[in-house]
Amino acid sequence: MSSSTPSRTVEIISHERYVQAESPRWDGRDGSLAWIDMSTGCFHRGRLEAGRVVPGPVVHVGARIGAPVPLAAPGAGWAVAVDRGVVHVADDGAVTPIAVDIASGDDYMNDGGGDPAGRFWVGSQSMPRRPHCSLWSIDAEGVATERLDGVTVSNGLAFDRTGETLFYIDTLPNRSIEAFDVAPDGRLGNRRTVCRVEGGNPDGLAIDLEGMLWVAVWDAAEVRRYSPSGELLETIALPAKRPTAVALVGRLLVITTASVGLDRPTAADGALLGVEVEVGGAPALPWRGAPPTIDARSSRDAASIR
């Protein structure tokens, strides 16, 4: 049975508004926050001070940006899904290819995240909506391995603390949270449905320190907390209609939202929201690849990033 909590206070924590903010990430290297605006192709970084977002550097990465993950070492930058591949975004804003042409045709990269083994998992989405996309893992050498096919809109994913279970959302057509067993080499097995998400489209996903799942539900103006067995534990009503993703920065649940497609967006639509919860989370798991060499960065303008 779900439990609504009226006493929770949801606050707008960003001064800026975004068209389609997505994929918030807590950077364990320096405590900062990263997120993207999918509609503008921008990668944003900032800091949380007194519960508010202080904006930092902004890098225009590509027309169709997806999820970011930090590299492991301080100052080593980020791996960011964009268009049909993955790029490295250095702290100085330089953008260098890591893996190109992973997706095909008009498909493009969407949400993703790291696993405890240091791989970057990222999936694609199709336009028009057809189940021919995939979920990949990118190893430390930048090699992409297809892990799941038949995907339509690859969205939120999170690994349990052991890395042996992947929780995953392919938003359409079933609007469900699924789970997989994960072998040490990254192979997926024992696919099963955790639960169907009613009343909206499940989008971004995060896992807390108790192993519970927080899910942003697009068009429902809600984030929900589910158990790994699919029990709805809590629903938090939001002032924004289209929450896109969530991250736990300690016990602050950070929620990205979108204003895209809304005729009369409110002050909360497109903002970053925050709400204190009892059980916190851990920083984003990093990709354990190395940043590109100076030679690779100097030749980035000649590279084909699609």
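Colleague: How many bridges join strand β23 to β24, and in which sense do the two run?

Modeller: This is a predicted model, where local features need pLDDT of at least 70, side-chain atom pairs count only at pLDDT 80 or more, and totals for chains, interfaces and linings use all residues. Residues are numbered from 1 along each chain as its sequence is written, and side-chain values use heavy atoms, with hydrogens and water left out.

Now the strands. β23 spans residues 252–258 and is joined to β24 by 5 bridges, running antiparallel. Strands here are DSSP runs of E, at least two residues long, numbered from the N terminus. Two strands pair if DSSP finds at least two bridges between them.

β24 has another partner. Strand β1, residues 11–12, pairs with β24 over 2 bridges, also in the antiparallel sense. There, E11 has G274 of β24 as its bridge partner.

A nonpolar core is a set of buried Ala, Val, Leu, Ile, Met, Phe, Trp, Tyr and Cys residues joined through side-chain atoms within 4.5 Å. The largest one has 16 residues, and the members touching the most others are W214, V223, V246, L253, I255 and L273. Two or more residues come from each of β19 (213–218), β22 (242–249), β23 and β24.

Contact means heavy atoms within 4.5 Å. Beyond its neighbours within four places in sequence, I255 is in contact with A271, L272, L273 and V275, and also with V223, L238, P243, A245 and V246.

Last, the charges. A salt bridge is a side-chain nitrogen of Lys or Arg within 4 Å of a carboxyl oxygen of Asp or Glu. The whole structure holds 16 of them. R8, E234 and E278 are linked in a network. Elsewhere, D111 bridges to R25, with the closest N and O atoms 3.3 Å apart. That pair links distant parts of the chain, 86 residues apart: D111 lies in strand β10 (residues 108–114), R25 in strand β2 (residues 21–26). D111 is buried at 6% relative accessible area, and R25 counts as buried at 11%.

Technical notes
Helices (H or I, at least four residues) and strands (E, at least two) are DSSP runs, numbered from the N terminus. Buried means under 20% relative accessible area, exposed over 50%, partly exposed in between (1.4 Å probe, protein chains only).
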